[in-house]
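Hello,

Here is the structure for your files. Please look it over, then read my notes below.

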Amino acid sequence: MSESKLKRVDLIFGEYSNTKYKVLADTLKRRNEDILEDLMESGLKGRGGAGFPTAMKWKLAADAPSDTKYVICNADEGEPGTFKDREILSRVPRKVFSGMAICGKVIGAQKGYIYLRSEYKFLLPELTRELEMFHEHIGKMGFDFPIEIKLGSGAYICGEESALFESMEGFRGEPRNKPPYPTTHGFMGKPTVINNVETFVNVVMIMRLGPVQFKLLGTTDSRGSKVFSVSGDTPIPGIYELELGMPLDRFVEEFGDGDTKAVQVGGASGFCVPRKKFKDTIIGFEGVPTGGSMMLFNSSRSMYNVLHNYLDFFEEESCGQCTPCRVGCQQLRKGIVAVKKGDKKAGYLDQLLKLSESMKITAKCGLGQSVANSFSSIVNNFKEEMIY
Amino acid sequence: MTNEHLIRDLVKKHGRSRVALLPILQGVVDANNFISDSDMVEIAKELDLSAAQVFGTATFYSFLSTEPLGKYVIRVCKTITCDMHGKKQIVQTIEEMLKVKVGETTPNKKFSLLETNCLGWCHEGPAMLINEKPFTGLTPERVHDIISEYISKS
């Protein structure tokens with residue numbers, strides 16, 4: 001067992017300079033081009049799940065002509081099975097603030113915001129205290145970069161970047177059409193970099209270690225490490241920082257309970273991988289990407305119940321703005337119930353699969369588009385459980 | 001403090017622009033646990049919006065109730081891993097103790113019992129919030145103790 005242990009990494013929660021802001025002070029003295037070059041070289045991709053290259057996002061915002069720009073930290077962590085951002089914000093908030101300030105310097109932003117989900121409101125007093133100290137420190141470095149915390153109010157969709165801007169602007173959290181993208185038209189219509197909590201911490205660690213050392217971790221397509229939220233049927237649930245690019249069978253060997261039937265990678269909007277595919281599945285951008293959520297299910301679990309639970313979730317959290325998602329989520333849920341009850345023949349599942357594929361093409365944002373991920377991967381791999 | 005005073009104070013703090021709307025609505029919920037129709041009209045007047053715009057924003061968010069809720073709002077996580085680890089027994093225990101069903105408020109207006117989507121405590125489920133405070137690793141016994149303590153609070 002000890003031989004097969006996955007390599008543990010300690011970048012995110014490691015001690016480095018979390019107390020003294022040394023990395024921040026050093027980085028603020030560097031040229032913007034050099035910082036961007038290091039980020040580019042590191043191969044860092046966004047840690048929220050979508051995996052957009054961070055350096056490119058920053059460069060686009062830096063090049064956008066505007067006197068007013070914003071940096072936003074997306075702490076609206078709502079994907080089922082994900083809890084890493086809460087842990088990062090409560091354990092190493094200074095690294096998050098530092099990463100935001102570095103971004104502010106590089107793109108020329110005057111202000112940063114943290115959009116914190118209301119379910120994590122209990123973190124507010126401690127974060128506010130930390131922010132006060134941060135502002136004091138950064139003032140001494142001769143750099144003015146105020147960060148403000150904005151609270152969400154219980155809407156999963158606000159984790160979608162343009163819905164998050166709408167929410168911050170006082171509207172319903174309904175995603176916008178893209179393009180234009182946030183790097184030119186973000187919060188208040190101004191160029192905005194919005195990154196996941198973990199991404200900002202990664203930036204700080206790349207600044208501290210240099211891109212070469214960061215690149216030693218992971219694979220060509222998935223550089224670095226990742227904080228994983230492990231839950232479900234596992235004897236050791238919790239937060240683990242592991243290298244990207246690991247094969248799923250090794251993950252299950254270490255975290256499973258010996259009877260793992262399936263792993264849901266990337267939360268309700270991610271993919272369900274059945275046992276027979278563990279060996280050929282790589283966790284990373286070249287295989288199955290994840291924002292960190294890893295939920296294990298053992299053979300005592302009904303995958304029908306799992307899918308039903310996801311569809312309840314999507315039906316409630318769909319913003320309702322576009323028809324494919326609003327009606328599609330309802331119909332998928334009603335559909336699997338009807339098949340299970342015998343009101344519809346098993347062949348109806350094929351029609352539902354087609355519906356989910358249509359949603360993938362026609363829904364306006366990532367929520368409606370990604371329902372098909374879990375729907376098709378569960379229905380196709382566990383068809384008998386859907387019917388009998 | 002009357003609600004008009006509350007809203008005026010919140011407007012003073014957050015301003016009259018549209019970006020102030022969510023913090024103002026949140027402020028009303030912090031004070032009263034819900035936003036009434038007259039609150040929405042009042043906020044609309046202060047921010048020079050239509051009441052429909054305020055209503056539209058308020059009703060979008062699950063933590064901004066437009067129906068009266070109790071002093072303590074219990075939100076039990078119903079998403080998959082909490083569900084797998086015994087959410088039903090937790091809800092049942094609370095229902096029996098408070099004699100309400102999910103979605104209801106006790107007659108003395110002290111407790112509301114709700115279910116909610118993923119709270120971000122999947123590794124320590126089942127989990128719930130009472131107002132903003134999280135409770136994790138719940139068992140029927142533990143939740144019994146927690147609710148008893150809240151019942152004895154004034």
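First, a definition: two strands pair if DSSP finds at least two bridges between them. Helices (H or I, at least four residues) and strands (E, at least two) are DSSP runs, numbered from the N terminus.

This is a predicted model: local features need pLDDT of at least 70, side-chain atom pairs count only at pLDDT 80 or more, and totals for chains, interfaces and linings use all residues. Residues are numbered from 1 along each chain as its sequence is written, chains are lettered from A and ligands numbered from 1 in the order in which they are written, and side-chain values use heavy atoms, with hydrogens and water left out.

The sheet. Chain A has an open sheet of four strands, with parallel pairing and the order E3-E2-E1-E4. E3 (147-151) and E4 (192-196) of chain A are at the edges. Each has a single partner strand, so one side of each lacks a neighbour in the sheet. Five bridges join E1 (residues 70-75) of chain A to E4(A) in the parallel sense. Tyr70(A) has Thr192(A), in E4(A), as its bridge partner.

The cysteines. The whole structure has zero disulfides over all chains (a disulfide is a pair of cysteine sulfur atoms within 2.5 Å). For Cys322(A), the nearest cysteine sulfur is that of Cys325(A), 5.3 Å away. Cys322(A) is buried, at 18% relative accessible area (buried means under 20%, exposed over 50%, partly exposed in between; 1.4 Å probe, protein chains only). In chain B, the closest cysteine sulfur to that of Cys118(B) is in Cys122(B), 3.7 Å away and too far for a bond. Cys118(B) is buried too, at 3%.

Best wishes
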